[in-house]
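User: I'm new to this structure and would like to learn how to read it. Please take me through a few of its features.

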Amino acid sequence: MAVPLPSTPGALTLRQIEVFHAVMLTGSLSEAGRMLSVTQPAVSRVLASAESRLRYRLFERVKGRLQPTPEARRLYAEAEEIFGRVNRFNALAGALGMGSAGSVSLVSSPSFSEWLVPHAIQKFRESHPDTPIRYRPLAFDALLPHLLLGQADFGLASMPPPVNANIVSEKIGRGWLGCAVPRGHALAIRPRVRAEELVGHLLIGYGADTPFGRLASRLLSSGPVQVQPQIEVRSTPEALALVRQGVGVALVESFGYHPSFGKDVILLPTDPPLDHSIHLLHSANSPLSSTARRFANVLKALISLAQKRTSH
């Protein structure tokens with residue numbers, strides 16, 4: 001005797017929709033059970049509960065076979081769309097886990113824009129050629145707002161953020177300021193450059209209120225006479241461009257100098273050394289995605305390798 005259906009319809013659960021979809025695909029309770037890795041009675045129970053909620057039959061038995069009702073055929077089109085989206089969701093979720101989907105947006109201090117970040121982008125795209133990347137070099141005072149406003153996944157900076165800046169900071173390496181001199185310059189033969197040896201040479205430096213300006217002051221105020229830059233710039237790329245032009249000598253960040261520059265410019269350590277830490281930054285409200293972490297790992301590996309090569 002058939003069980004009477006309730007008078008009030010109810011919404012189906014995702015499990016009931018999944019069982020209905022499987023029965024429509026396979027045409028039998030037993031095949032649907034194999035597809036879902038459950039028993040035939042379990043499929044039958046879920047299907048019966050779905051029909052009870054809907055107040056109408058989804059299948060009729062005709063000569064021992066399940067025959068979809070007109071209502072079931074109309075619902076099947078909707079179920080196909082649902083499970084098409086589920087499949088796309090799972091494909092995207094898997095791709096994100098493999099770092100083959102999504103995108104990467106990063107910012108950095110200009111000192112890292114000369115070769116470190118471009119090299120990292122090149123290495124990353126060798127294994128993730130379809131991942132879009134957006135990169136902007138920014139001054140430190142513009143870099144932090146970019147991260148806090150969610151306009152970049154992470155940033156690379158040559159100094160830690162202020163305390164309580166709502167920024168997560170990870171120290172991922174060390175860099176140093178060196179003295180860049182044109183090849184053939186009088187200082188080029190020196191193993192290290194001291195403050196007094198800069199006297200008489202045009203010095204390119206940074207504002208006293210900038211991170212590199214404060215770091216450079218350790219050297220410039222260490223000699224018998226305090227040395228002052230005659231030309232002030234904001235970043236290493238600008239300083240190196242002036243040195244290449246033969247304008248003067250400059251204090252530049254070690255990660256802004258690549259050995260290939262050696263045909264024009266030599267980078268000399270200073271005495272005392274001007275070391276600084278390198279920080280990976282991101283908003284405390286935005287954990288790094290798996291794709292961003294993979295890019296960050298490429299950066300870390302390049303920094304580690306460069307540190308060994310340029311150790312002073």
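Analyst: Let's start with a pair of helices: α1 passes α3 in a left-handed crossing. Left-handed means that the near helix is turned anticlockwise from the far one by less than a right angle, while clockwise makes it right-handed. The model is predicted, so local features need pLDDT of at least 70 and side-chain atom pairs count only at pLDDT 80 or more, whereas totals for chains, interfaces and linings use all residues. Residues are numbered from 1 along each chain as its sequence is written, and side-chain values use heavy atoms, with hydrogens and water left out.

User: At what angle do α1 and α3 pack, and how far apart are their axes?

Analyst: The general idea is that two packed helices are described by the angle between their axes and the distance between the axes. Here the angle of α1 to α3 is about 110° and the axes are 9 Å apart. Axes are lines fitted to C-alpha atoms, for helices over the stretch in contact, with angles from 0 to 180 degrees between N-to-C directions. So α1 and α3 are roughly perpendicular; the cut-offs are under 35 degrees for roughly parallel, over 145 for roughly antiparallel, 65 to 115 for roughly perpendicular, and oblique for the rest. The names come from DSSP runs numbered from the N terminus: helices are H or I with at least four residues, strands are E with at least two.

User: Which residues of α1 and α3 meet?

Analyst: On the α1 side they are R15, Q16, V19 and V23, and on the α3 side V43, V46, L47, S49, A50 and R53. By class, this contact of α1 with α3 has 6 nonpolar, 2 polar and 2 charged residues. Contact means heavy atoms within 4.5 Å. Nonpolar covers Ala, Val, Leu, Ile, Met, Phe, Trp, Tyr, Cys and Pro; charged covers Asp, Glu, Lys and Arg; the others, Gly among them, are polar.

User: At what angle do the axes of α1 and α2 cross?

Analyst: Roughly 120°, and the axes of α1 (residues 14-26) and α2 come within 8 Å. That makes α1 oblique to α2. The α1 and α2 crossing is right-handed. Residues in the contact include V19, A22 and V23 of α1, with A32, M35 and L36 among those of α2. In classes, the contact of α1 with α2 comes to 8 nonpolar, 1 polar and 3 charged residues.

User: Salt bridges next. How many does a search of the whole structure find?

Analyst: Side chains of opposite charge can pair when their charged atoms come close. A salt bridge here is a side-chain nitrogen of Lys or Arg within 4 Å of a carboxyl oxygen of Asp or Glu. The whole structure has 9 of them. One joins R34 and E31, with the closest N and O atoms 2.3 Å apart. These two sit 3 residues apart in helix α2 (residues 29-36), so about one helical turn separates R34 from E31.

User: What distance separates the closest N and O atoms of K300 and E170?

Analyst: That salt bridge has its closest N and O atoms 3.0 Å apart. The pair links distant parts of the chain, 130 residues apart: K300 lies in helix α9 (residues 290-310) and E170 in strand β6 (residues 167-182). K300 is partly exposed at 26% relative accessibility, and E170 is partly exposed at 35%. Buried means under 20% relative accessible area, exposed over 50%, and partly exposed in between (1.4 Å probe, protein chains only).

User: Is E197 buried or exposed?

Analyst: E197 is buried, at 15% relative accessibility. Its salt-bridge partner R190, with closest N and O atoms 2.6 Å away, is partly exposed at 31%. R190, R194, E196 and E197 are linked in a network of salt bridges.

User: What about the backbone?

Analyst: Look at the peptide bond from D271 to P272, which is cis with omega near 10°. P272 is in the loop between β12 (270-271) and β13 (274-283). Then try phi: S37 has a positive value of about 60° although it is not a glycine. S37 is in the loop between α2 and α3 (40-54), and it is exposed at 68%. R55, also not a glycine, has a positive phi near 75°; it sits in the loop between α3 and β1 (59-62).

User: Which residues is S254 in contact with, leaving aside its neighbours within four places in sequence?

Analyst: They are W115, G175, W176 and L267. S254 is in the loop between β10 (249-253) and β11 (265-268), and at 4% relative accessibility it counts as buried.
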